[in-house]
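Colleague: I have a chain open and would like to go through it with you. Could you take me through its main features?

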Amino acid sequence: MQDFGAAFGQAFALIAGFDPALMEIISLSMRVTFTAVVIACVIGLPLGAVLAVGKFPGRATLVVLISALMGLPPVVVGLAVYMMLSAAGPWACCSCSTPQPP
């Protein structure tokens, strides 16, 4: 139990002291989150508007598909994206982490 107390004490000290490394981590996390929200809004809001007011063939199927995809846990989607972008995946050429030969 003393280990938990010491860990929480150290964590609070880092937060209260505005530790530069911690602030850098928080800043990066906030930038990634903000970027993801902007991208999701740019894609999702127009798509939602089209689905809400548009009448076109296959609309009901598309609504069902999008509703089903929204029910997936984020971990499953993240794992699928990781597998697609990994070196052995079909989208390996799009990955920023693997150098491409000239």
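This is a predicted model: local features need pLDDT of at least 70, side-chain atom pairs count only at pLDDT 80 or more; totals for chains, interfaces and linings use all residues.

Colleague: What does the protein chain average in pLDDT?

Modeller: The average is 88, and 90% of the residues score at least 70; pLDDT is the predictor's confidence in each residue, from 0 to 100. Confidence is highest in α2, at a mean of 95, and lowest in α4, at 89.

Colleague: How many helices and strands are there?

Modeller: The protein chain has 4 helices and 0 strands. Both are DSSP runs numbered from the N terminus: helices are H or I with at least four residues, and strands are E with at least two. Along the sequence the pattern reads α-α-α-α. The protein chain is more spread out than a compact globule, because its radius of gyration is 21 Å, well over the 13 Å that the globule rule gives for 102 residues. That radius is taken over C-alpha atoms, and the rule is 2.2 Å times the number of residues to the power 0.38.

Colleague: What box do the C-alpha atoms fill?

Modeller: Along the principal axes, the box is roughly 60 × 45 × 25 Å.

Colleague: And how much of the chain counts as buried?

Modeller: Of the 102 residues, 6% count as buried. Buried means under 20% relative accessible area, exposed means over 50%, and partly exposed lies in between (1.4 Å probe, protein chains only). The accessible surface comes to about 8,600 Å², with 78% of it belonging to carbon and sulfur atoms. Such areas come from the Shrake-Rupley method with a 1.4 Å probe, and for residues only the protein chains shown count as cover.

Colleague: Which residues form the nonpolar patch on the surface?

Modeller: The patch consists of L65, L69, L72, V76, V77 and V81, with about 480 Å² of accessible area together. Helices α3 (59-70) and α4 (74-85) each supply at least two of its residues, and α4 gives the most, with 3. V76 is found in α4 and is partly exposed, because its relative accessible area is 42%.

Colleague: Changing topic, where is G54, and is it buried or exposed?

Modeller: G54 is in the loop between α2 (20-53) and α3. G54 counts as buried because its relative accessibility is 16%. Not counting residues up to four places away in sequence, G54 touches A49 and R59, where contact means heavy atoms within 4.5 Å. Its C-alpha atom is separated by 32 Å from that of V75, 21 residues apart along the chain.

Colleague: What about G48 and V63?

Modeller: G48 is in helix α2, and its C-alpha atom and that of V63, 15 residues apart along the chain, are separated by 9.4 Å.

Colleague: What is the phi of F18?

Modeller: F18 has a positive phi of about 50 degrees although it is not a glycine. F18 is in the loop between α1 (2-16) and α2, and it counts as exposed because its relative accessible area is 58%.

Colleague: Lastly, which residues does L14 touch?

Modeller: L14, in helix α1, touches D19 and L22, not counting residues up to four places away in sequence.

Conventions
Residues are numbered from 1 along each chain as its sequence is written. Side-chain values use heavy atoms; hydrogens and water are left out. Patches are made of residues with over 30% relative accessible area and no salt bridge: like charges are joined within 9 Å, nonpolar side chains (Val, Leu, Ile, Met, Phe, Trp, Tyr) within 5 Å. A salt bridge is a side-chain nitrogen of Lys or Arg within 4 Å of a carboxyl oxygen of Asp or Glu.
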